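Open the model in your viewer and keep the selection panel at hand.

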Amino acid sequence: MKTALVTGASRGIGRAIAATLAQHNYLVFAVAKNSLGALQSLQKESGCIPILTDICDPNQVESLFSNICSQTHHLDVLINNAGIAYHGLLQDMSVAQWDAVLNTNLRGAFLCAKGALSSMIRQHSGVIINISSMWGQRGASCEVAYSASKGGLDAFTKALAQEVAPSGIRVNAIACGAIDTEMNGFLTPKEKTDLEASIGLGRFGTPQEVADLALFLCSESSSYLTGQIITLDGAFI
Ligand SMILES: NC(=O)c1ccc[n+]([C@@H]2O[C@H](COP(=O)([O-])OP(=O)(O)OC[C@H]3O[C@@H](n4cnc5c(N)ncnc54)[C@H](OP(=O)(O)O)[C@@H]3O)[C@@H](O)[C@H]2O)c1
């Protein structure tokens, strides 16, 4: 049985990816920071193993990988999905808020990749998928820190793919457009309609549509695909 670790699996995109991999016979370790109840309901529905971990904390990430190692001796897939957003002008942002965004979206991916690579390099195989954003390439007003974190994650993806390709490990990113999750819950109905008008397909994407692409990137059908930032934005204008 293949094994996968999905961060940010309590809701939204991470939950859809965890459930989809479980449906396709992966043993899935599902991580969130606080939402144990949501992880336990995912466990009931799809058999994923819940683990609470703050991915920004090196000690907690070390315990996470020791825990996984004690249950299985290999890890096939890491989905770096956990992320947070911040909306507001840059000059109103505190250093603590900046650090929270960069630590979750970029340092967390580094810590989890480092943990996963020790197994993957030993196995000489593995897949890492980073869930990025179209703002990492375009930049968004009032989301400077978030855009910087995702732009960094894109560069991290390309550089790491080069570094670990000789070890048989593939690394890609999915740069999502607007996806219908709680992260966008702050939008008023009018703001949501205005945003939809900028999307060629005229609607937000669903978490399941991201999960379907992630499943393809995990599979042997994408065996020659690495170092890519794949935009999934419904033709955002
Ligand atoms: N939704 C979009 O439109 C969109 C667009 C582009 C990119 N993305 C990216 O897609 C990913 C998922 O987004 P989403 O919309 O599904 O987000 P979401 O609904 O807000 O869920 C975020 C998840 O991340 C977890 N998390 C946050 N901080 C964490 C930490 N320090 N340690 C461990 N887990 C942590 C949360 O766990 P708790 O429940 O415990 O807090 C939750 O499971 C993010 O990286 C986001 O930037 C989303």
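Helices (H or I, at least four residues) and strands (E, at least two) are DSSP runs, numbered from the N terminus. This is a predicted model: local features need pLDDT of at least 70, side-chain atom pairs count only at pLDDT 80 or more, and totals for chains, interfaces and linings use all residues. Residues are numbered from 1 along each chain as its sequence is written, and side-chain values use heavy atoms, with hydrogens and water left out.

**Whole chain.** Show it as a cartoon. You will find eight helices and seven strands. The C-alpha atoms fill a box of roughly 50 × 40 × 35 Å along the principal axes.

**Polar contacts.** These are pairs of N or O atoms within 3.5 Å. Select Ser-10. An N or O atom in its side chain is 2.6 Å from an oxygen atom of the ligand. Next, take Asn-34. Here a polar backbone atom is 2.6 Å from a ligand oxygen. Then pick Asp-54. A polar side-chain atom of Asp-54 lies 2.9 Å from a nitrogen atom of the ligand.

**Cover.** How much of the ligand's accessible area does the protein cover? It covers 94% of the 900 Å² that the ligand has on its own (Shrake-Rupley method, 1.4 Å probe).

How values were computed:
Polar contact = N/O pair within 3.5 Å; in protein donor to acceptor, adjacent residues only side chain to side chain.
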